[in-house]
Amino acid sequence: MTSSANEKESTLSLNCSIGRISQTIKCALFSMRTKETMVVQLSSVNEKDLILSHLSVHVDAEMHTICPNHRYRLGYCWKPQRNCATPFHSTAQKPFTVLNHDQVETIKCMCGIQVPVGDSEIY
């Protein structure tokens with residue numbers, strides 16, 4: 001079996017429970033961390049609180065698994081949107097600040113949409 005076939009096979013077998021919650025990021029290997037190839041328990045990850053805040057969903061870390069791609073894209077390598085994430089503002093304007101937990105909860109209650117803590121907002 002070739003190297004690319006092995007990589008494709010391991011990518012296909014990476015399915016984590018965070019992937020079912022996130023839905024915007026696919027389960028996969030993370031290109032900058034090629035040595036990490038396994039799905040692990042979310043509770044064993046040092047940055048689990050950071051990952052959970054970017055998901056904006058209250059879940060029990062003990063009950064979930066995470067693949068390398070979700071771990072780094074929702075953890076240390078996470079980046080906020082370039083445009084305002086709140087539905088009340090024009091997305092064409094550049095953001096000035098970030099959303100805190102209370103603002104995320106307000107958006108969720110008023111609009112029924114989830115935005116990550118730390119995402120961009122026009123103040």
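Arg 33 is partly exposed, with a relative accessible area of 40%, where buried means under 20% relative accessible area, exposed over 50% and partly exposed in between (1.4 Å probe, protein chains only). The model is a predicted one, in which local features need pLDDT of at least 70 and side-chain atom pairs count only at pLDDT 80 or more, whereas totals for chains, interfaces and linings use all residues. Residues are numbered from 1 along each chain as its sequence is written, and side-chain values use heavy atoms, with hydrogens and water left out.

Arg 33 is placed in the loop between α2 and β1, the elements being DSSP runs numbered from the N terminus (helices, H or I, at least four residues; strands, E, at least two). Its C-alpha lies 7.8 Å from that of Pro 68, although Arg 33 and Pro 68 are 35 residues apart in sequence. The loop between α2 and β1 also holds Cys 27, which counts as buried at 18% relative accessibility. Between Cys 27 and His 70 the C-alpha to C-alpha distance is 6.6 Å, across a sequence separation of 43 residues.

Taken as a whole, the protein has 5 helices and 4 strands, and from the N terminus on these elements follow the order α-α-β-α-β-α-β-α-β. Of its 123 residues, 36% count as buried. The protein exposes about 8000 Å², of which carbon and sulfur atoms supply 53%, the areas coming from the Shrake-Rupley method with a 1.4 Å probe and, for residues, with only the protein chains shown counting as cover. Among contacts (heavy atoms within 4.5 Å) between residues at least 6 apart in sequence, 61% join residues at least 24 apart.

The structure holds 2 salt bridges, each defined as a side-chain nitrogen of Lys or Arg within 4 Å of a carboxyl oxygen of Asp or Glu. In one of them, the side chains of Glu 36 and Arg 71 meet at 3.7 Å, N to O. Because Glu 36 lies in the loop between α2 (17-22) and β1 (40-41) and Arg 71 in helix α4 (residues 68-74), this pair ties together parts that are 35 residues apart in sequence. Glu 36 is partly exposed, with a relative accessible area of 24%, whereas Arg 71 is buried, with a relative accessible area of 18%. Arg 71 also meets the side chain of Glu 47 in a salt bridge, at 2.7 Å, N to O. Here Glu 47 lies in the loop between β1 and α3 (48-55) and Arg 71 in helix α4, so the pair ties together parts that are 24 residues apart in sequence. Both Arg 71 and Glu 47 are buried. Through shared partners, the salt bridges join Glu 36, Glu 47 and Arg 71 into one network.

In α3, the buried residues are Ile 51, Leu 52, His 54 and Leu 55. Seen down the axis of α3, these buried residues fall within an arc of 160°, so they line one face of the helix; the arc is that of the directions from the helix axis to the C-beta atoms. The buried residues of α3 pack against α2, β2 (65-66) and α4.

The largest nonpolar core has 15 residues, and those with the most contacts inside it are Ile 18, Leu 42, Ile 51, Ile 66 and Leu 74. A nonpolar core is here a set of buried Ala, Val, Leu, Ile, Met, Phe, Trp, Tyr and Cys residues joined through side-chain atoms within 4.5 Å. To this core α3 gives the most, with 3 residues. When residues up to four places away in sequence are not counted, Ile 66 touches Cys 16, Ile 18, Met 38, Val 39, Val 40, Leu 42, Val 45, Ile 51 and Arg 71.

His 64, in the loop between α3 and β2, is buried, with a relative accessible area of 16%. Leaving aside neighbours within four places in sequence, His 64 is in contact with Ser 17, Ile 18, Ile 21, Val 40, Gln 41, Leu 42 and Val 59.

A search of the whole structure finds 0 disulfides, a disulfide being a pair of cysteine sulfur atoms within 2.5 Å. Cys 67 is in no disulfide, and the nearest cysteine sulfur, that of Cys 16, is 3.8 Å away. Cys 67 is buried, with a relative accessible area of 1%, whereas Cys 77 counts as partly exposed at 32% relative accessibility.
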